[in-house]
Amino acid sequence: MSNTLLQVEGLSKSFMIPAGVFGKKKLLKAVHNVSFMVEEGKTFSLVGESGCGKSTTGRLISRLIEPNEGEIWLDGEEISSRKEAQLKSMRKKVQMIFQDPYASLNPRMKVRDIIAEPLAIHTNLSKAERYKQVSEILDVVGLSEYHANRYAHEFSGGQRQRIGIARALIMKPKLIIADEPVSALDVSIQAQILNLLKDLQEQFKLTYLFISHDLSVVEHISDYIGVMYLGTIVESGPKEEIFSNPKHPYTKALLSSIPIPDPRLRRERIILHGDLPSPVNPPSGCRFHTRCPVAMDICKVTEPAVYHDETTGQLAACHLLES
Ligand SMILES: Nc1ncnc2c1ncn2[C@@H]1O[C@H](COP(=O)(O)OP(=O)(O)O)[C@@H](O)[C@H]1O
Ligand code: SF4
Ligand SMILES: [Mg+2]
């Protein structure tokens with residue numbers, strides 16, 4: 001039987017933003033009523049256009065920020081409203097990997113010290129013991145002692161991401177939140193890093209929350225996928241079902257934009273018209289109605305309920321699915 005490592009329930013987060021010179025401050029609803037669960041050792045991917053709330057969801061779960069509403073259950077403990085002093089054990093269990101490791105790697109530190117830094121902060125290990133662990137982890141991510149003595153700027157993008165992964169792994173986390181970890185890399189390097197993440201998952205029984213704006217990137221690494229639009233999850237379910245049998249019109253549109261090499265299998269591209277609405281003023285009813293190619297009158301006024309397909313395991317919020 002599988003264990004649930006992460007469960008989020010009704011997670012919401014708004015930010016106050018300034019509104020010009022004379023205007024009042026406004027509330028930007030970045031994440032709205034998001035729920036999903038991730039089983040231990042599996043990968044759940046959040047996908048959706050830029051600005052839909054993926055990174056905010058990741059930052060809420062890693063408790064870099066506090067939610068306005070909702071619960072976050074990590075490894076059996078509820079962590080949504082804990083204060084910093086009570087988050088110690090959770091901080092070791094969750095590590096993050098970012099899109100641009102260069103920005104998060106200190107240019108004045110040698111790679112050895114960058115990777116050892118979390119150990120220096122969170123453990124009482126001696127310097128010699130910390131460096132020993134660094135040597136082991138370098139090997140695991142495909143780097144060597146030679147790299148340990150250098151500075152981050154001496155590395156290529158792919159190698160820098162390996163350093164970022166090593167720094168996350170050294171704490172022996174249970175959950176890794178990888179926020180667009182390959183988006184800044186060339187396609188061939190993307191595949192290498194994705195394969196490395198997949199191997200590491202098997203080797204260390206890691207659980208991933210993988211974040212990407214690109215549905216094609218998450219295809220091979222995911223077990224489950226959650227599709228986000230304007231702060232909400234519009235559809236989630238097993239990867240195979242999302243790719244072969246999408247239920248929500250937004251998922252269908254995203255999928256139709258992925259090129260398929262075989263012309264016989266080519267899908268008709270669904271072009272979404274209109275701009276992404278502002279999360280300061282999200283559309284009434286179904287948030288997708290201003291761009292949905294099959295919107296109906298009811299969509300403008302009534303928020304759709306979540307429909308659960310028990311055969312496929314998909315959840316989708318759309319009036320078309322109501323029977
Ligand atoms: N600290 C913040 N203050 C104000 N607005 C923010 C903040 N963080 C994110 N946002 C806004 O929240 C929305 C979701 O952002 P984000 O979670 O970064 O989206 P994504 O990662 O999907 O691109 C965006 O409109 C973004 O501008
Ligand atoms: S509820 Fe209506 S607008 Fe929303 S996705 Fe379904 S059909 Fe489109
Ligand atoms: Mg982001």
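Select Lys-54, Thr-56, Thr-57, Gly-58, Leu-60 and Ile-61: these are the buried residues of helix H1. Buried means under 20% relative accessible area, exposed means over 50%, and partly exposed lies in between, with a 1.4 Å probe and protein chains only. Helices (H or I, at least four residues) and strands (E, at least two) are DSSP runs numbered from the N terminus. This is a predicted model, in which local features need pLDDT of at least 70 and side-chain atom pairs count only at pLDDT 80 or more, while totals for chains, interfaces and linings use all residues. Residues are numbered from 1 along each chain as its sequence is written, chains are lettered from A and ligands numbered from 1 in the order in which they are written, and side-chain values use heavy atoms, with hydrogens and water left out.

Now show the whole of H1, residues 54-61. Because 6 of its 8 residues are buried, the helix is largely enclosed by the rest of the structure. Step on to Arg-63, which follows H1 and has a positive phi, near 60 degrees.

Next come the aromatic rings. The structure holds 4 aromatic pairs. Select Phe-36 and Phe-44: their ring centres are 4.4 Å apart and their planes are at 10 degrees, so this pair is stacked. Rings of Phe, Tyr and Trp (its six-membered ring) pair if their centres lie within 6.5 Å; planes under 30 degrees apart count as stacked, over 60 as edge-to-face and the rest as tilted. Phe-36 is buried, with a relative accessible area of 6%, and Phe-44 is buried too, with 3%.

Move to Tyr-229 and Phe-288, an edge-to-face pair at 4.9 Å centre to centre with 75 degrees between the planes. Which parts of the chain does the pair link? Tyr-229 is in strand E9 (residues 224-229), and Phe-288 is in the loop between helix H11 (249-256) and helix H12 (297-301), 59 residues apart. Tyr-229 is buried, at 1% relative accessible area, and Phe-288 is buried, also at 1%.

Then select His-289, in the loop between H11 and H12. His-289 is buried, with a relative accessible area of 15%. Leaving aside neighbours within four places in sequence, His-289 is in contact (heavy atoms within 4.5 Å) with Pro-283, Ser-284, Ala-295, Cys-299 and Lys-300.

Finish at Arg-112, whose charged end sits over the ring of Tyr-131, 5.3 Å from its centre. A charge sits over a ring if NZ of Lys or CZ of Arg is within 6 Å of the ring centre and within 35 degrees of the ring normal.
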